[in-house]
Amino acid sequence: IDRINREIGWPRAVPPADYFRLPIYTTWVEHKTGVSQEKVIDYARAIHSNKLPCGVIEIDDKWESRYGDMTFDAAKFPAPKAMVEELHKLGYRVTLWVHPFVNADSESFAAGRELLLKDLDGRPGLMKWWNGVAAVWDLSNPKAVAAFRGRLERLQKDYGIDGFKFDGGDINLLPQDLRSQGNITAFDYPDLYNRETAAHYPWEETRVGVYSQPLGVVQRLQDKQSVWGLENGLAAIVPEAITVSMRGFFYVMPDMVGGNEYDNDKATKELIIRWAQASALMPLLQFSIGPWHFDEETVRLAREASELHLKFAPYILALAEAAPKTGQPILRPLWYNEPLDREAQAITDEFMLGGDVVVAPVMMQKAVARDVYLPAGRWVEYKTRKMLEGGR
């Protein structure tokens, strides 16, 4: 693994310190596409009034008038600059959800056809994504890159936006038989997308990438279901985060606490609490569903998980800042320090934070305790300060 990561390249950049320190709150599950200026402000105030640590408010789908135009929907967001100023006064940075899709009904599609990926006939190649029929920016074309980033920079200049959540860019969401100015393949696109977009903004997150490790991007796990199990639920976040981290994406973010509430799934109080606790000691921590929708205990325990993340933030940041020099991941499998330990090799529901912290979250429904395996060495239990011998 170390040899592969060395050949691909260790991260050359480190995200801002506050990204590791303070949780992110995204509007996605809280409001889905019904997001609006009023709802964003109410959401931010609820986080504030419940004394929940938060550094970034992320405005997710659908703030745009039409997908691909990258302009605020004036009906839903009548005064975006004033909204951002109010969020800044509350102490938040503000990021926007963006993507490489240009829907066929947008002004950008009509005006910028030469900047889009083409099909075999030389026309903008159309494909279906989860929000309609679209073409895709040809980011192998320098003019398209300049146009795309120019829109992002205008959002920053005009409204004070701090950064962006880069969604999409998946190989399977590109036109078939694509033709591009740079003669790229679909396999090339995810890394090209990261290189030409996310890598240029300190406050960013992305979700795709094959060889993007040297960019030092924040890599979010794929969208999770609001369920308990290993099939893309809570139990999947530890093994998946280990895999992503060991692939060289050291600045890994588990998906938002509680999952996405897709397919009629509904996050329960218990799922929210256990998800917050399981994510608390990962490099970055992201919420969406407001814990205040349940009860005071949910708020208190979400706050405790966030405060635990804050306590460990200096250690996480030190590991993050060392990564470009050492090539060592922040989040590691249990066997990382003891690669010949067969017991540790079989465990996928615990992880290491650096070389000194073992994290064993409770991730089974209705469970209030769990077995813990400790690698060889002497360990101190965090809450009780009890000394324990490892290798068992």
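Two strands are said to pair if DSSP finds at least two bridges between them. Helices (H or I, at least four residues) and strands (E, at least two) are themselves DSSP runs, numbered from the N terminus. The structure described here is a predicted model, in which local features need pLDDT of at least 70, side-chain atom pairs count only at pLDDT 80 or more, and totals for chains, interfaces and linings use all residues. Residues are numbered from 1 along each chain as its sequence is written, and side-chain values use heavy atoms, with hydrogens and water left out.

Strand S4 (residues 101-103) joins strand S6 (residues 132-136) over three bridges in the antiparallel sense. Within this pair, Phe-101 stands opposite Val-136, and Val-102 stands opposite Ala-135. Strand S5 (residues 127-129) is likewise antiparallel to S6, over three bridges, and Lys-128 has Val-133 of S6 as its bridge partner. S5 and S6 form a hairpin, with two residues between them.

A further open sheet has three strands in the order S12-S13-S14, again with antiparallel pairing. Its edge strands are S12 (331-332) and S14, each of which pairs on one side only. S12 and S13 (residues 351-353) are linked by two bridges in the antiparallel sense, and Leu-331 has Leu-353 of S13 as its bridge partner. Helix H11 packs on this sheet and touches S12, S13 and S14, its direction making about 85° with that of S13.

A pocket is defined on a 1 Å grid over the protein atoms alone, as an open set of points where a 1.4 Å probe fits, with protein on both sides within 12 Å along at least five of seven lines; lining residues have an atom within 4 Å of a point. The largest pocket has a volume of about 1,000 Å³, a volume being the space filled by probe spheres set on the grid points, which are joined across faces, edges and corners.

The lining of this pocket comprises 29 residues, and Leu-281, Leu-308, Glu-381, Tyr-382 and Lys-383 lie nearest the centre. At least two lining residues come from each of helix H10 (269-279), helix H11 (296-326), strand S14 (357-359) and strand S15 (378-380). H11 gives the largest share, seven residues. By class, the lining has 19 nonpolar, one polar and nine charged residues. Here Ala, Val, Leu, Ile, Met, Phe, Trp, Tyr, Cys and Pro count as nonpolar, Asp, Glu, Lys and Arg as charged, and the others, Gly among them, as polar.

H10 is mostly covered, with eight of its 11 residues buried; buried means under 20% relative accessible area, exposed over 50%, and partly exposed in between (1.4 Å probe, protein chains only). Among the buried residues of H10 are Arg-274 and Trp-275. The elements covering the buried residues of H10 include helix H9 (237-246), strand S11 (286-287), H11 and S13.

## Individual residues

| Residue | Relative accessibility | Class |
|---|---|---|
| Glu-304 | 40% | partly exposed |
| Ser-36 | 14% | buried |
| Lys-32 | 24% | partly exposed |
| Glu-261 | 18% | buried |

Glu-304 lies in helix H11. Between Glu-304 and Tyr-193 there are 37 Å in space, C-alpha to C-alpha, and the two are 111 residues apart in sequence.

Ser-36 belongs to the loop between helix H3 (28-31) and helix H4 (37-49). Not counting residues up to four places away in sequence, Ser-36 touches Lys-76 and Phe-77, where contact means heavy atoms within 4.5 Å. Lys-32 also lies in the loop between H3 and H4.

Most residues other than glycine have a negative phi, and most peptide bonds are trans. Lys-32 has a positive phi, near 45°. Glu-261, in the loop between strand S10 (252-253) and H10, also has a positive phi, of about 50°. A cis peptide bond joins Asp-61 and Lys-62, with omega about 15°. Lys-62 is placed in the loop between strand S2 (56-59) and helix H5 (80-89).

Conventions: Axes fitted to C-alpha atoms, helices over the stretch in contact; angles between N-to-C directions.
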